[in-house]
Number of protein chains: 2
Amino acid sequence: MKVFNKQQIISQLDLNLAVKRLEEGFVAFSNGEVQVPPVQAFSFVEANGDCCVKSAYVKGSDTFTVKISTGFYDNPGKGLESNDGLMMVLSATTGQPLALLQDEGWLTCIRTALAGRIAARLLAPSEVTAIGIVGAGMQARMHLEQLHAVTDCRKVVVWGRNDAELEAYKAFATDLGYEVQTTRNPEDVARSANLIICVTPSREPLLKSEWIQPGTHITAVGADAAGKQELDPALVARADRIIVDSIYQCSQYGEISHALKAGLIREEQLVELGALLAGRAKGRDNDDQITLVDLTGVAVQDAQISSCALASMKG
Amino acid sequence: MKVFNKQQIISQLDLNLAVKRLEEGFVAFSNGEVQVPPVQAFSFVEANGDCCVKSAYVKGSDTFTVKISTGFYDNPGKGLESNDGLMMVLSATTGQPLALLQDEGWLTCIRTALAGRIAARLLAPSEVTAIGIVGAGMQARMHLEQLHAVTDCRKVVVWGRNDAELEAYKAFATDLGYEVQTTRNPEDVARSANLIICVTPSREPLLKSEWIQPGTHITAVGADAAGKQELDPALVARADRIIVDSIYQCSQYGEISHALKAGLIREEQLVELGALLAGRAKGRDNDDQITLVDLTGVAVQDAQISSCALASMKG
């Protein structure tokens, strides 16, 4: 079995191949061609930590993947990162373990950002006036990096909760070639940008419906567990297209679950990203529509990004 | 993270410490002090394979464990073992991966054999006239090795399905110091032995109730999935004590599930091994009673054997 560390993976992952593999994965998932057993979740109350084990096998693939992700929120006080993780890739024909990817959670971050890139490519309005980023952490950076490939817009408005974080983000985005405006008021993002990415762990709505311009596309990434929310449910209800990575999962705890439970939207309105990619559902019709993509993260992404990483490493 | 291979693990595992840790694990499990998320199961139909992911955390432990086990039944034709597996041990205080135990399934075998050893120590009659082994594979060997520590009896009667396998087993057991009788008739085992271990993947009863002598202890290990069965349900019903590793799991698909579903026994008769070890339930009262232990294998054993292996390696 091969063992690869985070630096090896970051330096060698073929991002264009990863996009292709993720798209194939979303399509397979929406076609019911992926085995995704129930997530295993642990709670370590005294250590203020949690762990989840997500596994997936895409029918016809040579490999399958078991991912272990941890979050231990007192780690920074010990000089450690809060999040860690690894993926184990096994042969789907012999069961042998093929590779241990000690990515420390990076592959989860990049597969999430690449899903955002796919969503923006499919649904952004034809002219992006500014990119809005709600959040200024690691995911906010990786999403902006990935949007570089799918829009020519080089203007970004970023919201964060403190000035130091925003200054650091500004330096990062300036280096990437963006003209950067920072703000502590989320309304500024909504008023300026028509391609908005929400990447916070918020538990209450940050964006109000009345702030959003016609024609805006929003990708909401933060609501990956019960209780999380970034958008006003009225904004979700206002969207002309609601795309989700997994109807089941998003209905349980995704961004759109709040509007669904409040009866503001119906499950029949939800379209899976895989169905959109497969051409079974319509995307944006015109530049006045509001489109929304809700990403909760599905294990098929882990299976696809890890097999891609392994293929990249061999190449 | 440390990586250990099968040979390192076999040569260094402290078996007496492992027994202690397993006993503590069974007690914790029966006290409800173990987090055991649902098993993740994959089926690879075209490759004639399967995989399961079992994970457990014992409250208060420094570590938790994720185990991946595979069975690919066409592997022998490719010069590979059918079964493979590994365990990942992570810190329960920081989430960091501590060790990858590439045991190729050996730790699962030994924790199963050690559970059989614990069962025999607790429930064997005071004088063992002969050890009976129903089955002649790897588990049949490992159980006999482990029984060495808990009974002075050095006479074994072994049943198997073919002569070559039985001859190989005879050579193995003779080397261990046993006087060995082989047979193709399971009745011979039952008539001769009063400490019987059933370790086959049988899907129909092998031992009939009327063959079994009063005072016999039986440990049934084979029924680890739906459809498997080694004992006549009437024999299960005849047992004076029925001990199980997990009431829930054994009721679902263990050896005793058949008698339970047929109404021959009641769930109230079932006692968990952990409750017996903790002194909350009675074992054998006298040398006329028939006792039965049904082992389906629980993830707490994996958590305990892997942390023990890691501790052994450090020592």
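1. Leaving aside neighbours within four places in sequence, Ser251(B) is in contact (heavy atoms within 4.5 Å) with Ile256(B), Ser257(B), Leu260(B), Lys261(B), Glu267(B) and Leu270(B). The residue belongs to helix α8 of chain B, residues 247–253; helices (H or I, at least four residues) and strands (E, at least two) are DSSP runs, numbered from the N terminus. Ser251(B) counts as buried because its relative accessibility is 12%, where buried means under 20% relative accessible area, exposed over 50%, and partly exposed in between (1.4 Å probe, protein chains only). Its side chain reaches the backbone oxygen of Ile247(B) at 2.6 Å.

2. The model is predicted: local features need pLDDT of at least 70, side-chain atom pairs count only at pLDDT 80 or more, and totals for chains, interfaces and linings use all residues. Residues are numbered from 1 along each chain as its sequence is written, chains are lettered from A and ligands numbered from 1 in the order in which they are written, and side-chain values use heavy atoms, with hydrogens and water left out.

3. Chain A is assigned domain 1 (2–107 + 300–314) and domain 2 (109–298); such bounds come from an automatic or database domain assignment. Taken over C-alpha atoms, the centres of these two domains of chain A are 23 Å apart. Domain 1 of chain A brings 21 residues to the contact and domain 2 of chain A brings 22 residues.

4. Between them, domain 1 and domain 2 of chain A bury about 1,800 Å², 59% of it on carbon and sulfur atoms; buried area is the accessible area (1.4 Å probe) that two parts lose on being put together, summed over both. On the domain 1 side, Glu23(A), Phe26(A) and Gln301(A) lose the most area to domain 2 of chain A, together 30% of what that side buries.

5. Arg111(A) and Asp302(A) meet through their side chains in a salt bridge of 2.8 Å, N to O.

6. The largest nonpolar core has 64 residues, of which Leu101(A), Leu107(A), Ile131(A), Ile133(A), Leu144(A) and Tyr169(A) touch the most other members. Such a core is a set of buried Ala, Val, Leu, Ile, Met, Phe, Trp, Tyr and Cys residues joined through side-chain atoms within 4.5 Å. Helix α3 of chain A (residues 106–123) gives the largest share, 10 residues. Both domain 1 and domain 2 of chain A give residues to this core, so the core lies between them.

7. Chain A and chain B meet through 38 residues of chain A and 38 residues of chain B. The two chains bury about 3,200 Å² between them, 67% of it on carbon and sulfur atoms. From β4(A) comes the largest share of the side of chain A that touches chain B, 6 residues.

Key:
A salt bridge is a side-chain nitrogen of Lys or Arg within 4 Å of a carboxyl oxygen of Asp or Glu. A polar contact is a pair of N or O atoms within 3.5 Å; within protein, one must be able to donate a hydrogen and the other to accept it, and residues adjacent in sequence count only if both atoms are side-chain atoms.
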